[in-house]
Amino acid sequence: MVMTSHSAATAANPVLRVAPASPAAAAAHFGASLAFHADVSDVAAALAADGDPGFVVLDSRSTASWDQGHIPGAVHLPTTLIPEQAAALLDPAVPVVTYCWGPGCDGATRAALALAQLGFQVKEMLGGFEYWVREGFAYETWEGGARRAADPLTAPVDAADCGC
């Protein structure tokens with residue numbers, strides 16, 4: 001077998017050791033991903049715009065976590081209470097965007113699953129509350145409103161958006 005320089009580099013390269021998906025498979029995958037996920041900055045922009053954003057934000061964490069900080073206007077419904085209380089708190093015709101602590105927590109995923117199993121349209125907000133705060137968006141605590149400066153590793157400090 002004769003290895004070309006491209007195939008030799010590919011064999012030694014851990015990124016390309018498994019070949020990338022075909023463009024059609026990649027389009028299907030990434031399109032599906034966007035159907036399941038929402039970006040923190042997109043959620044913030046939709047909530048800040050005039051009028052109804054067309055979705056409700058749901059914080060799936062404990063009461064202690066909610067009191068420590070949450071997105072203004074979010075509905076508080078811990079994941080364990082979703083089966084009992086979702087129908088009373090949420091309109092099944094309105095999509096729900098779930099969030100929990102952050103990328104290291106799968107609470108928003110569990111909440112999204114519970115809601116989907118009840119018939120709700122749902123997306124998970126990537127980054128959770130951690131990235132909401134790190135990107136410099138206002139939040140509420142049991143003591144009132146708060147806001148931190150944007151972390152330059154997560155959000156542009158001199159622009160309205162990242163241009164993604």
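Tyr139 is buried, with a relative accessibility of 9%; buried means under 20% relative accessible area, exposed over 50% and partly exposed in between, with a 1.4 Å probe and protein chains only. The model is predicted, so local features need pLDDT of at least 70 and side-chain atom pairs count only at pLDDT 80 or more, while totals for chains, interfaces and linings use all residues. Residues are numbered from 1 along each chain as its sequence is written, and side-chain values use heavy atoms, without hydrogens and water.

I turn now to the aromatic rings. A search of the whole structure gives three aromatic pairs. Rings of Phe, Tyr and Trp (its six-membered ring) pair if their centres lie within 6.5 Å; planes under 30 degrees apart count as stacked, over 60 as edge-to-face and the rest as tilted.

How are the rings of F129 and Y139 arranged? Their centres are 5.5 Å apart and their planes stand at 90°, so this pair is edge-to-face. The pair links distant parts of the chain, ten residues apart: F129 belongs to helix α7 (residues 128–134) and Y139 to strand β6 (residues 139–141). Helices (H or I, at least four residues) and strands (E, at least two) are DSSP runs, numbered from the N terminus. F129 is buried as well, at 6%. Ring pairs join W101, F129 and Y139 into a cluster.

The rings of W132 and F137 have centres 5.1 Å apart and planes at 45°, so that pair is tilted. W132 is buried at 4%, and F137 is buried at 19%.

Finally, R61 lies over the face of F129, 4.9 Å from the ring centre. A charge sits over a ring if NZ of Lys or CZ of Arg is within 6 Å of the ring centre and within 35 degrees of the ring normal.
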